[in-house]
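Here's a quick briefing for anyone meeting this structure for the first time. Have a look at the sequence and the model, then read on.

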Amino acid sequence: MRPTVTVNCAMTADGKIAGRSRRQLRISSPEDLARVKELRAASGAILVGVGTVIADDPHLTVKDLPPERNPLRVVLDPRGRTPDGARVLDGRARTLIVTSEDCERNWEGAETLRAGKGRIDLELMLSRLHERGVRDLMVEGGGETIFSFFESGLVDRYMVFVGSMIVGGRGSPTPADGDGLPEDRPVRLRLAGCRRLGDGVLLTYEVGHGAP
Ligand SMILES: NC(=O)c1ccc[n+]([C@@H]2O[C@H](COP(=O)([O-])OP(=O)(O)OC[C@H]3O[C@@H](n4cnc5c(N)ncnc54)[C@H](OP(=O)(O)O)[C@@H]3O)[C@@H](O)[C@H]2O)c1
C-alpha cells in the first residue's frame with residue numbers, strides 16, 4: 001500500500017521551474033500560492049529532493065498551523081547532503097530525511113529513514129510513509145525528483161501552474177529533468193482541469209498507469 005502521489009510545481013511559460021542560477025524563482029500568482037497552501041494543509045506529507053533544500057532552503061510548512069498539525073516534511077537525500085542549518089530542521093514541523101542504506105549521517109531535528117542501496121527505493125519509502133498513516137503525498141520538486149517519481153510510475157496526479165513569464169536558459173531546471181524517458185514510452189496524461197489563477201493557468205492532469 002502507498003499514499004496517493006500528487007506532483008505540484010510552478011513553471012514559467014517557457015517550461016522552467018527556476019532560472020539558470022537555479023535559485024528560487026517566484027512563478028506562482030498570489031491566487032496560486034493560496035491554492036498551494038490549501039493543498040499542503042490537506043496533505044499528509046510534503047516531499048522535495050535535497051537539491052531543492054540546498055538551492056531554496058524552503059520551510060515546507062503551512063504558516064498558522066502548529067507543528068503537530070503540519071504535514072510531515074520529507075527530503076530525498078541519498079548521500080546525506082542536507083546542511084545542518086537547513087530550515088527543514090527548524091522544528092516547525094516533523095521532518096523525515098530519506099537516505100540510502102550506505103549513508104550513516106543523522107540530523108538533529110529530523111528522523112532518518114534508510115531505503116535502498118545507492119539510489120533511494122521510492123516504493124519502499126512510500127510503503128513506510130503509508131505505514132505511518134500518510135495517505136496523500138505532495139511532491140514539490142525539483143526536476144530530478146519529479147522525474148524519478150514519473151520514471152518509477154508512482155505519480156497519480158500532476159498539477160502545474162504556468163506563470164506568465166519567460167526565463168530561458170538551456171540549463172534551467174524543468175518539471176521533469178533526469179535522464180529522460182524512452183521516447184516511445186512517454187508517461188501519458190489525461191487533462192482533468194484547466195483554471196485561470198490570476199495571471200497564470202493551473203493545469204491538472206491524471207496519470208494513466210499501464211500501457212499507453
Ligand atoms: N518552481 C517550482 O515549483 C519548484 C519547486 C521545487 C524546486 N524548484 C527548483 O528546482 C531546482 C532544484 O531541482 P533539482 O532537480 O536540482 O533538485 P531536486 O530534485 O530537488 O533534488 C535532486 C537530488 O535529490 C536526490 N534524489 C532525487 N530523486 C531521487 C531518487 N529517486 N533516489 C535518490 N535520490 C534522489 C538526489 O540527490 P544526490 O544528488 O545527493 O544523489 C538528486 O540529485 C531549484 O532550482 C529549485 O528552485 C522549483
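Asp 57 sits in the loop between H2 and S3, and its phi is near 45°, a positive value in a residue other than glycine. With a relative accessible area of 24%, Asp 57 is partly exposed; that label covers whatever falls between buried (under 20% relative accessible area) and exposed (over 50%), using a 1.4 Å probe and protein chains only. The labels H and S stand for DSSP runs numbered from the N terminus: helices (H or I) of at least four residues and strands (E) of at least two.

Before going further, keep in mind that this is a predicted model, where local features need pLDDT of at least 70 and side-chain atom pairs count only at pLDDT 80 or more, while totals for chains, interfaces and linings use all residues. Residues are numbered from 1 along each chain as its sequence is written, and side-chain values use heavy atoms, with hydrogens and water left out.

- Most residues other than glycine have a negative phi, and most peptide bonds are trans.
- Arg 22 has a positive phi too, near 65°, and isn't a glycine.
- You'll find Arg 22 in the loop between S1 and helix H1 (30–41), where it counts as partly exposed at 42% relative accessibility.
- The peptide bond from Gly 141 to Gly 142 is cis, with omega near -5°, and Gly 142 belongs to the loop between S6 and H4.

**Around the ligand**

- The ligand is surrounded by 27 residues, and the closest are Ala 10, Arg 22, Thr 52, Asp 56 and Thr 145; to be near it, a residue needs a heavy atom within 4 Å.
- Ile 17 has a backbone N or O atom 3.1 Å from a nitrogen atom of the ligand.
- For Gly 49, a backbone N or O atom is 3.3 Å from an oxygen atom of the ligand, and a polar backbone atom of Gly 143 is 3.2 Å from a ligand oxygen.
- On its own the ligand has 940 Å² of accessible area, and the protein covers 88% of that (Shrake-Rupley method, 1.4 Å probe; for residues, only the protein chains shown count as cover).
- Strand S1 (4–12), helix H2 (50–56), strand S6 (136–141) and helix H4 (143–151) each give two or more residues to the shell, and H2 gives the most, with five.

**Buried parts**

- H4 is largely enclosed by the rest of the structure, because seven of its nine residues are buried; among them are Thr 145, Phe 147 and Phe 150.
- Leu 129, in helix H3 (residues 122–131), is buried with a relative accessible area of 0%.
- Setting aside residues up to four places away in sequence, Leu 129 touches Pro 3, Leu 72, Val 74, Leu 96, Val 134 and Leu 137, where contact means heavy atoms within 4.5 Å.
- Asp 77 lies in the loop between strand S3 (72–76) and strand S4 (95–99).
- Asp 77 is buried yet has no salt bridge, and the nearest side chain of opposite charge, Arg 81, is 5.0 Å away; Lys and Arg count as positive, Asp and Glu as negative, and His and the chain ends aren't counted.
- Still, a polar side-chain atom of Asp 77 lies 2.7 Å from the backbone nitrogen of Arg 81.

**Salt bridges**

- The structure holds 13 salt bridges, each one a side-chain nitrogen of Lys or Arg within 4 Å of a carboxyl oxygen of Asp or Glu.
- Arg 2 pairs up with Asp 156, with the closest N and O atoms 2.9 Å apart.
- That pair links distant parts of the chain, 154 residues apart: Arg 2 in the segment before S1 and Asp 156 in the loop between H4 and strand S7 (157–163).
- Asp 84 forms a salt bridge with Arg 105, the closest N and O atoms being 2.9 Å apart.
- Asp 84 is in the loop between S3 and S4 and Arg 105 in the loop between S4 and strand S5 (111–114), so this pair ties together parts 21 residues apart in sequence.
- Asp 84 counts as exposed at 58% relative accessibility, while Arg 105 is partly exposed at 26%.
- Arg 73, Asp 90 and Arg 92 are linked in a network of salt bridges.

Definitions and conventions: Polar contact = N/O pair within 3.5 Å; in protein donor to acceptor, adjacent residues only side chain to side chain.
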